[in-house]
Amino acid sequence: MAYTLNHLKTLEAESIFILREVAAQFENPAILFSGGKDSILVTYLAKKAFFPAPIPFPLVHIDTGHNFIETLTYRDSLVEKLGAKLIVGSVQETIDGGRVAEEKGFNASRIRLQTTTLLETIEQYKFDACIGGARRDEEKARAKERFFSHRDEFGQWDPKNQRPELWNLFNGRMHHGENFRIFPISNWTELDVWQYLAMEGIELPTLYFSHKRKVFERDGVWLAETPHIPMKPNEKAEERVVRFRTIGDITSTGASFSEAATLDDIIQEVAVTRTTERGGRADDKRSETSMEDRKKEGYF
Amino acid sequence: MSNEEVNNGQPAIDNQPLTFDSKSYLNMELMRFTTAGSVDDGKSTLIGRLLYDSKSIFEDQMESIRATSERRGETTVNLALLTDGLRAEREQGITIDVAYRYFSTPKRKFIIADTPGHIQYTRNMVTGASTANLAIILVDARQGIVEQTRRHSIIASLLGIPHIALCINKMDLVDYNKEVYDRIVTEYREFATRLKTKDINFIPISALNGDNVVHRSDKMKWYEGVTLLYLLENIHIASDINHIDMRFPVQCVIRPYSDDFHDYRGYAGRLASGVIRPGDKVVVLPSGFTSTVKSVELDGKQMKEAFAPLSVTVQLEDDIDISRGDMLVREGNVPRQDQDIEAMICWMGEKPLQLNGKYALKHTSKDARAVVKEIKYKLDINTLHRITDNPSIGMNDVGRIKIRTTTPLFFDAYTKNRDTGSFILIDEATNVTIAACMIID
């Protein structure tokens, strides 16, 4: 027998190791659960890590109040299935308490308000480690992030003075009042996540798969028709076949036109999108302005 | 030259079909490699080239660096901008911290630990090197072997990286001359006799033009070896892990306290090395009690065997008191147990190492404290020269020390086992990790 693992099994072993270190090194950790595929993955890995015991961390959902109904349905059935504990931090309550002010206008969003609710929830429940589904391949600054990311008493990250992480030794020591953000799937790429979800047959919110939905275009982004987004007179919703590549607050999550109905379709789509994007690159002679146009289409 | 010969040594990416086989990923291996380098040696260009030619750069990323290059008045797209993430790094055009990059080909998924090369960032190089299968070391063909080449090689050897790819870069600037390449290879081979790394591969490249990085160069027909990507895709890494000495450090104990699993007691951990199977006779350290493995499982699924680096849960036949920091090993193959330990260390703290200083220590899943009993020598990491006369070890220094721990550690020599042979020291006042340590036989 050859002792070789495929990359998904290697990543799984690493992430489970991290989750168990969190359980061992911290008193009161929590999983930040958004309802997106990355936090779903983290939750499943946590289930694997501690089975047959229940997941030793509550799931914390910072709820903007502007949800896709599918996300809440999925969240509640997952919590029930895993016997996990759910804590909801409500942005609405933060607003009602007068601690943040609701944004106004057509593009009002509660994304920025979430931070206050998150920090309040951490303080209220005295979490010393918050486990998130962020990945290093998402963004440049994230590429420098640690698995165990230290935050000072103000919740700040000091990227130029991070603790070295050597071998498989993770240093979770801290002073009173400080805390850690933990990123067990740091080394996974978007494609790894999809491939793993497919390999394991993990159920996902229906939003990720193609379906008919009334959507309208604003600044190049196709948004779902919902009472949470006031529409301008010139905007008109139309029924299209769409799916969502990421899932967040309904007011800022753009749909993409896609026929991908299964995980295999999605893997195919993610992989082929890369090839076709790359394929046209050699004779690509775009100017600075066309990049701006592209960004307006929702590239970032 | 026949077609076959031309294709030989070409990476699989060239044959990548336009449609993606959605199941082929189930056979991909994971490989980690490290790069080290400073501003001008072309390291960032090489990484940019690997990502670009393996089609791993997204269009929006490319547009972003294209625009930045233009704004800065650079005539070509500066691929180096892909790898510099922190604001200070972009402003100064240097790499400060370890940055992790990802790309994959149909054969392997790669994790690059991209580190700065300057001596003042030795600690970052050590961090990147600690988990790597392979180190890419760049040599400027015009300059040959320089101090930095030796330093990077010594760090790779010290950290036990099993493979080195010595890339002689900027071959375009020496007219792709074979003699230049041969001279550098000969000189490096001579130097490398002092290294522990046994597998060294030489490749003449031009990162700027892409020669022998992903695609075979038609300007160096005299070179009969493989391209860099082909090497990365095919080099044998399965043996990099020790599959002989079973070491299972217990991370935590799983007790469900539920009706269905009333008496369940599982030991959760990740195999540091070796293989574990149900029926194996094991010894529990430090108690010395013996028992038999009842089950090896994960997520309720029983396994016939598990091997490093898998994370599993192990149940034993007997009810023994076992907790975090304990280790399961095989009867007849036990690690050393001692409180007096000698190690090579790389110091990362701002304050220098204190003789007789006390530090917190982390080794596998075990926490302990340690006192520094002796500083044997400091190593000049440019020459391997040992400084024994009143050595002091400050930030980025490498040396050999002797410590005594509050409780015995169960360890192997680092050269035999990277997981049980390594530990870190932590400053008890600041909680910062201040030393990477490799245990000597």
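The largest nonpolar core of this predicted model holds 186 residues, and the members that touch the most others are A:Ile31, A:Ile131, A:Ile182, B:Ala135, B:Cys167, B:Ala435 and B:Cys437. Helix 1 of chain A, residues 7–25, puts in the largest share of this core, with nine residues. Leaving aside residues up to four places away in sequence, A:Ile182 touches A:Ile18 and A:Val22, the run A:Ala129, A:Cys130 and A:Ile131, and the pair A:Phe147 and A:Phe148.

Turning to the sheet of chain A, six strands line up in the order 3-2-1-4-6-5, giving an open sheet with mixed pairing. Strand 3 (86–90) and strand 5 (148–151) of chain A sit at the edges; each has a single partner strand, so one side of each goes without a neighbour in the sheet. On average, and with direction ignored, neighbouring strands of this sheet are turned by 30 degrees against each other. Strand 1 (residues 29–32) of chain A runs parallel to strand 2 of chain A, and the two are paired over two bridges. A:Leu32 has A:Val60, in strand 2 of chain A, as its bridge partner. Helix 2 of chain A packs on this sheet, where it touches strand 1, strand 2 and strand 4 (129–131) of chain A. The direction of helix 2 makes about 140 degrees with that of strand 1 of chain A.

Just after the helix comes A:Gly83, with a positive phi of about 65 degrees.

One joins A:Phe51 and A:Pro52, with omega at about 5 degrees. A:Pro52 is placed in the loop between helix 2 (37–50) and strand 2 (59–63) of chain A. In chain B, the peptide bond from B:Ala308 to B:Pro309 is also cis, with omega near 5 degrees; B:Pro309 is found in the loop between strand 13 (306–307) and strand 14 (311–316) of chain B.

Positive phi values also turn up at residues other than glycine. B:Asp175 has phi near 55 degrees and belongs to the loop between strand 5 (163–169) and helix 7 (178–192) of chain B. B:Asp175 counts as exposed, because it has 10 C-beta neighbours inside 10 Å. For B:Leu384, phi is near 70 degrees, and the residue falls in the loop between strand 18 (366–379) and strand 19 (386–387) of chain B. With 14 other C-beta atoms within 10 Å, B:Leu384 is partly exposed.

How values were computed. Residues are numbered from 1 along each chain as its sequence is written. Chains are lettered from A and ligands numbered from 1 in the order in which they are written. This is a predicted model: local features need pLDDT of at least 70, side-chain atom pairs count only at pLDDT 80 or more; totals for chains, interfaces and linings use all residues. A nonpolar core is a set of buried Ala, Val, Leu, Ile, Met, Phe, Trp, Tyr and Cys residues joined through C-beta atoms within 7 Å. A residue is buried if 20 or more other C-beta atoms lie within 10 Å of its own, exposed if 12 or fewer, and partly exposed in between; C-beta atoms are placed from the backbone. Helices (H or I, at least four residues) and strands (E, at least two) are DSSP runs, numbered from the N terminus. Two residues are in contact if their C-beta atoms, placed from the backbone, lie within 7 Å. Two strands pair if DSSP finds at least two bridges between them. Axes are lines fitted to C-alpha atoms, for helices over the stretch in contact, and angles run from 0 to 180 degrees between N-to-C directions.
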